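Trainee: I would like to learn how the words used for a structure follow from its values. Could we go through one together, slowly?

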Amino acid sequence: MKTLVIGASENPERYSNKAIRALLSHNHEVVAIGLREGVVEGISFNSEKKAFENIDTVTLYVGPKNQPEYYDYILNLKPRRVIFNPGTENPEFTDKLLAAGINPEIACTLVLLATSQF
């Protein structure tokens, strides 16, 4: 399963950074987009919205006010689900995902991984 982390950061204190490392440690394929260029555990990222293929899950680490620029991008990737991590909950985007047949999940990627529910 390929997971796209949106809001990636090189800062090890950021939850997006912890999520990338946790996903890799659970043998998930990871791609990422960040506000700036960076690398975490060999995963390179920048702000370019690349046309990744076969994305199963998008996990968001971008607040609701910054999400609209990603709406069409994420919808076009056609992931199975989008995880809204704490602080990223967005009813407007949730409605758009549901209308497109994509499962919005209000959850924490780190908790899902730690409890084998990812």
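**From values to words**

Mentor: Thr 109 has its place in helix 4, which covers residues 109–114, where helices (H or I, at least four residues) and strands (E, at least two) are DSSP runs numbered from the N terminus. The model is a predicted one, in which local features need pLDDT of at least 70 and side-chain atom pairs count only at pLDDT 80 or more, while totals for chains, interfaces and linings use all residues. Residues are numbered from 1 along each chain as its sequence is written, and side-chain values use heavy atoms, with hydrogens and water left out.

Trainee: Why is Thr 109 called buried?

Mentor: Buried means under 20% relative accessible area, exposed means over 50%, and partly exposed lies in between, with a 1.4 Å probe and protein chains only. Thr 109 has 0% relative accessibility, and therefore it counts as buried.

Trainee: Which residues is Thr 109 in contact with, leaving aside its neighbours within four places in sequence?

Mentor: With contact taken as heavy atoms within 4.5 Å, the residues include Ala 19, Leu 23, Tyr 61 and Phe 118.

Trainee: Is Asn 17 buried or exposed?

Mentor: Asn 17, found in helix 1 (residues 15–25), has 3% relative accessibility, so it counts as buried. The side chain of Asn 17 also makes a polar contact with the side chain of Arg 21, at 2.6 Å.

Trainee: Why is Glu 41 called exposed?

Mentor: Glu 41 lies in the loop between strand 3 (38–40) and strand 4 (43–45), and because its relative accessibility is 58%, Glu 41 counts as exposed. Its phi is near 50 degrees, a positive value in a residue other than glycine.

Trainee: What makes Lys 78 count as exposed?

Mentor: Lys 78 has 64% relative accessibility, and so it counts as exposed. Its place is in the loop between helix 2 (71–77) and strand 6 (81–84), and Lys 78 has a positive phi of about 55 degrees although it is not a glycine.

Note on methods:
Polar contact = N/O pair within 3.5 Å; in protein donor to acceptor, adjacent residues only side chain to side chain.
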